[in-house]
Amino acid sequence: MKTSIIDPHWMDTLTAPFMVNAILAGLFIAIAAGAMGYFTIARHSTFAAHALAHIGLPGATGAVLLGLPVSAGLGLFALGGALVIGALGKRASQREIATGTVLAFATGLGLFFARMSSSASQQMQSILFGSILTITRGQVIGFLIFDLILLAVLAVIYRPLLFSSLDEQVAQARGVPIGIMNLTFMAIMAGVITIAVPAVGTLLIFALVITPAATANIIVASPLKAMLVSGLICLVSIWGGLVLSAMFPAPPSFIIVTLSTLFWAMSKGWEAIRG
């Protein structure tokens, strides 16, 4: 008798409490990643965004050692690293050096903490590759609160942040506080990384924060439209990954990253055909 590779109970899985938490978390992650992904590319800070997830690694493993929530340690170290990079790297070229230096130290420290405790070592896989199905209702509420704060802050600083992202030198000449914008952007990005890591982990974070934004930039030209399209692509990737992982025996993070990459590849193909 031939056995189907599709789980016959996948519809029941989608309505389970843990999956509902994952679906809600995906929505709030997509909102944050969509809003900040555009600015990350415009400010040439994709390396910094990717590095912040790894900089949070020692915070996550250290939190396990102390018996604290992993997200709290991750967020604290990501924020600290973001502020250091923002303070030391006032220009894009300087940020590359500051980011690489902080990243190297943080990675080494994370491995050191992991070696000190077997429980921290066991947490490494979920930290590196994500575990969106284990997100709790408390984390979901935290994501919602973060999104509300993020949107409120962006509403206030949208114009100067966009100006400094597109043309830093002209913005500085016009009186935009570049240093404050750098620090604010990096601090917000640390928060976005903190809520996105549970979904796909530190190694795959690029696929949620950067890849959808890069895809959106190919499809539309307007900054606001690019943010909306980026968030939509991110959301479809996450929700699609959750549905497919319920149907087939594959980890959600792998499917999420695959879908995000496929959208980008299709947009690149369309761009090549268009001209």
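Reply: Helix α2 (residues 17-42) packs with helix α8 (residues 137-166) at an angle of about 15 degrees, and their axes are 10 Å apart. Here, helices are DSSP runs of H or I of at least four residues, numbered from the N terminus. The axes are lines fitted to C-alpha atoms over the stretch in contact, and the angles run from 0 to 180 degrees between N-to-C directions. The angle makes α2 roughly parallel to α8 (under 35 degrees is roughly parallel, over 145 roughly antiparallel, 65 to 115 roughly perpendicular, and the rest oblique). The crossing of α2 over α8 is left-handed, a term for a near helix turned anticlockwise from the far one by less than a right angle, with right-handed used if it is clockwise.

The model is predicted: local features need pLDDT of at least 70 and side-chain atom pairs pLDDT 80 or more, while totals for chains, interfaces and linings use all residues. Residues are numbered from 1 along each chain as its sequence is written, and side-chain values use heavy atoms, with hydrogens and water left out.

In the loop between α2 and α3 lies His-44. The phi angle of His-44 is near 55 degrees, a positive value in a residue other than glycine. With a relative accessible area of 59%, His-44 is exposed (buried means under 20%, exposed over 50%, and partly exposed in between, with a 1.4 Å probe and protein chains only). Helix α3 (residues 46-55) is largely enclosed by the rest of the structure, because 7 of its 10 residues are buried. Among these buried residues of α3 are Ala-48, Leu-52, His-54 and Ile-55.

The crossing of α4 over α5 is right-handed. Contact (heavy atoms within 4.5 Å) is made by Leu-57, Pro-58, Gly-59, Ala-60, Ala-63 and Val-64 of α4 with Val-70, Gly-73, Leu-74 and Phe-77 of α5. The buried residues of α5 include Gly-73, Leu-74, Ala-78, Gly-81 and Ile-85. At 1.5 Å a residue, the 19 residues of α5 (residues 70-88) should span 27 Å, which agrees with the 27 Å between its end C-alpha atoms; the expected span is 1.5 Å times one less than the number of residues.

Ile-219 is partly exposed, at 41% relative accessible area. Beyond residues up to four places away in sequence, Ile-219 touches Val-229, Ile-233 and Trp-270. Ile-219 and Ile-31 are 188 residues apart in sequence, and their C-alpha atoms are 18 Å apart in space.

Ser-245 sits in helix α13 (residues 223-247) and counts as buried, at 14% relative accessibility. The side chain of Ser-245 reaches the backbone oxygen of Leu-242 at 2.9 Å. Apart from neighbours within four places in sequence, Ser-245 is in contact with Ala-250, Pro-251, Pro-252 and Ile-255.

Finally, Lys-268 is found in helix α14 (residues 252-274). Its relative accessibility of 37% means that Lys-268 counts as partly exposed. Lys-268 and Ala-214 are 54 residues apart in sequence, while their C-alpha atoms are 9.7 Å apart in space.

Conventions
Helices (H or I, at least four residues) and strands (E, at least two) are DSSP runs, numbered from the N terminus. A polar contact is a pair of N or O atoms within 3.5 Å; within protein, one must be able to donate a hydrogen and the other to accept it, and residues adjacent in sequence count only if both atoms are side-chain atoms.
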